[in-house]
Amino acid sequence: LTAIEFIERSASVLNLEVAELMSRSRQQHVVEARRLLVSLGRERWGQSTKELASALAKSADTITFIQREGVKQRLDDEEFARRYENLDKALIGKRQ
C-alpha cells in the first residue's frame, strides 16, 4: 500500500478529505486524525516517514512529531486508543 493510498483510505474511514489532512488546520478533529493515521501508518502499516511527509505535504520532522504525539495520546487516552484500533480494523477490511 503506498502512502497516498493509505492516506486516502484512512481519510475515507475517518470521513475527512485528504486536503483537510494536508492543510495547516489546527482543528482538534483534524489534528487527532493526523495523529491516528500517522502513528498507525508507521507502527502497523509499514509507512515510511519520508513517504507520509511527501503525501501529506509536511516535513519529515513534522511527521515524526505527529507520530510521537499520536503514540503518547494512544497510551494516555482510552478513547483515542479505541479509535486507533477501529481505524486499523477498518483498513484491514478495505484491504480485502
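Student: Where is Ala57 found, and what makes that stretch a loop?

Tutor: Ala57 is in the loop between α4 and α5. The model is a predicted one, in which local features need pLDDT of at least 70 and side-chain atom pairs count only at pLDDT 80 or more, while totals for chains, interfaces and linings use all residues. Residues are numbered from 1 along each chain as its sequence is written, and side-chain values use heavy atoms, with hydrogens and water left out. Elements are DSSP runs numbered from the N terminus: helices are H or I runs of at least four residues, strands are E runs of at least two. Helix α4 covers residues 49-56 and α5 covers residues 60-76.

Student: How do you know whether Ala57 counts as buried or exposed?

Tutor: By its relative accessible area, found with a 1.4 Å probe on protein chains only: under 20% is buried, over 50% is exposed, and in between is partly exposed. Ala57 has 53% relative accessibility, so the residue counts as exposed. Its C-alpha atom is separated by 15 Å from that of Gln67, 10 residues away along the chain.

Student: What is the phi of Ala57?

Tutor: It is near 55 degrees, a positive value in a residue other than glycine. Most residues other than glycine have a negative phi. Asn15 also has a positive phi, of about 55 degrees, and is not a glycine. Asn15 is in the loop between α1 and α2 (18-22) and, at 69% relative accessibility, counts as exposed.

Student: Why is the pair of Phe6 and Trp45 called what it is?

Tutor: Rings of Phe, Tyr and Trp (its six-membered ring) pair if their centres lie within 6.5 Å; planes under 30 degrees apart are stacked, over 60 edge-to-face, and the rest tilted. The count under this rule is one aromatic pair. The ring centres of Phe6 and Trp45 are 5.9 Å apart and the planes stand at 45 degrees, so the pair is tilted. Phe6 belongs to helix α1 (residues 3-13) and Trp45 to the loop between α3 (28-44) and α4, so the pair ties together parts 39 residues apart in sequence. Both Phe6 and Trp45 are buried.

Student: What lies over the face of Tyr84?

Tutor: Arg74 does, at 5.0 Å from the ring centre. The rule requires CZ of Arg, or NZ of Lys, to be within 6 Å of the ring centre and within 35 degrees of the ring normal.

Student: How many salt bridges are found in the whole structure, and what makes a contact count?

Tutor: The search finds six. A salt bridge needs a side-chain nitrogen of Lys or Arg within 4 Å of a carboxyl oxygen of Asp or Glu. Arg44 and Glu85 pass with an N to O distance of 2.8 Å. Arg44 is in helix α3 and Glu85 in helix α6 (residues 78-95), so this bridge ties together parts 41 residues apart in sequence. Arg44, at 42% relative accessibility, is partly exposed, as is Glu85 at 30%. Arg44, Glu85 and Asp88 are linked in a network of salt bridges.

Student: Where do Glu69 and Lys72 lie?

Tutor: Both are in helix α5, three residues apart, about one turn of the helix. Glu69 has 19% relative accessibility and so counts as buried, whereas Lys72 at 42% is partly exposed. In helix α6, Arg82 and Glu79 are likewise three residues apart, and the closest N and O atoms of their salt bridge are 2.3 Å apart.

Student: Why are α1 and α3 described as they are relative to each other?

Tutor: Axes are lines fitted to C-alpha atoms, for helices over the stretch in contact, and angles run from 0 to 180 degrees between N-to-C directions. Under 35 degrees is roughly parallel, over 145 roughly antiparallel, 65 to 115 roughly perpendicular, and the rest oblique. The axes of α1 and α3 come within 11 Å and cross at roughly 135 degrees, and the two helices are therefore oblique. α1 and α4 pack at about 60 degrees with axes 9 Å apart. That makes α1 oblique to α4 as well.

Student: Which hand does the crossing of α1 and α3 have?

Tutor: It is right-handed, and α1 passes α4 in a right-handed crossing too. A crossing is left-handed if the near helix is turned anticlockwise from the far one by less than a right angle, and right-handed if clockwise.
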